[in-house]
Amino acid sequence: MNRISGEIALGLAWIIALVALLAVLFIGEVLGQTPCVLCWFQRAFMFPLAIVLGFGLWWRDGRVGRYGIALALGGGAIALWHIGLYVGLVPERIQPCTATGPSCTDDNQLVFGVPIPLMALAAFALIGALSALSLKDTRT
């Protein structure tokens, strides 16, 4: 069975990070939907992912996947907390969203019927897995 090369895995991880970054910028800046607090924290991990993985590809750094894993784990943890709050597993009394700001659990968190935190969790999981796969390639 053919495995994907480290460079292809990194390229796919970078594309996912870039698409996720552009999507949240579109939702926030074009559609005018203010992100909740947890979305801001997730952005703090997604934005550097696109930059770090992009530069790693540019410089042909086969070890940049380790930074992709670290950032994806951090962002994935916040996304997991956010989806737990969204579906009601995390009690509302410990939610980090302010009473006057955008809600972490209302219908504004849906895009095409899918919760934004779930999309973020999927993106972070894929980026982390592809970053890990890129480190398995012994040719770099």
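1. A residue is called buried here when its relative accessible area is under 20%, exposed when that area is over 50%, and partly exposed in between, with a 1.4 Å probe and protein chains only as cover. At 63% relative accessibility, Arg 60 therefore counts as exposed. Arg 60 sits in the loop between helix H2 (37-58) and helix H3 (65-87), where helices are DSSP runs of H or I with at least four residues, numbered from the N terminus. Between Arg 60 and Leu 10 there are 10.0 Å in space, C-alpha to C-alpha, although the two are 50 residues apart in sequence.

2. On provenance, this is a predicted model, in which local features need pLDDT of at least 70 and side-chain atom pairs count only at pLDDT 80 or more, while totals for chains, interfaces and linings use all residues. Residues are numbered from 1 along each chain as its sequence is written, and side-chain values use heavy atoms, with hydrogens and water left out.

3. Ile 4, Ile 8, Leu 12, Ile 15, Val 19 and Leu 133 together make a nonpolar surface patch of about 490 Å². Patch members must have over 30% relative accessible area and no salt bridge, and nonpolar side chains (Val, Leu, Ile, Met, Phe, Trp, Tyr) are joined within 5 Å, whereas like charges are joined within 9 Å; a salt bridge is a side-chain nitrogen of Lys or Arg within 4 Å of a carboxyl oxygen of Asp or Glu. Helix H1 (residues 6-30) gives the most to this patch, with four residues. Val 19 lies in helix H1 and is exposed, with a relative accessible area of 52%.

4. For the aromatic rings, a pair requires centres within 6.5 Å among Phe, Tyr and Trp (its six-membered ring), and planes under 30 degrees apart count as stacked, over 60 as edge-to-face and the rest as tilted. The count by this rule is one aromatic pair. Phe 55 and Trp 59 form that pair, which is stacked, at 4.9 Å centre to centre with 15° between the planes. Phe 55 is partly exposed at 43% relative accessible area, whereas Trp 59 counts as exposed at 58%.

5. Arg 43 lies over the face of Trp 40, at 4.7 Å from the ring centre, the criterion being NZ of Lys or CZ of Arg within 6 Å of the ring centre and within 35 degrees of the ring normal.

6. The structure holds zero disulfides, a disulfide being a pair of cysteine sulfur atoms within 2.5 Å. Cys 39 is in no disulfide, and its nearest cysteine sulfur, that of Cys 36, is 3.5 Å away. Cys 36 counts as buried at 0% relative accessibility, and Cys 39 counts as buried at 12%.

Key: Areas by Shrake-Rupley, 256 points an atom, 1.4 Å probe, with all protein chains shown as cover. Helix = DSSP H or I, 4+ residues; strand = E, 2+ residues; numbered from the N terminus.
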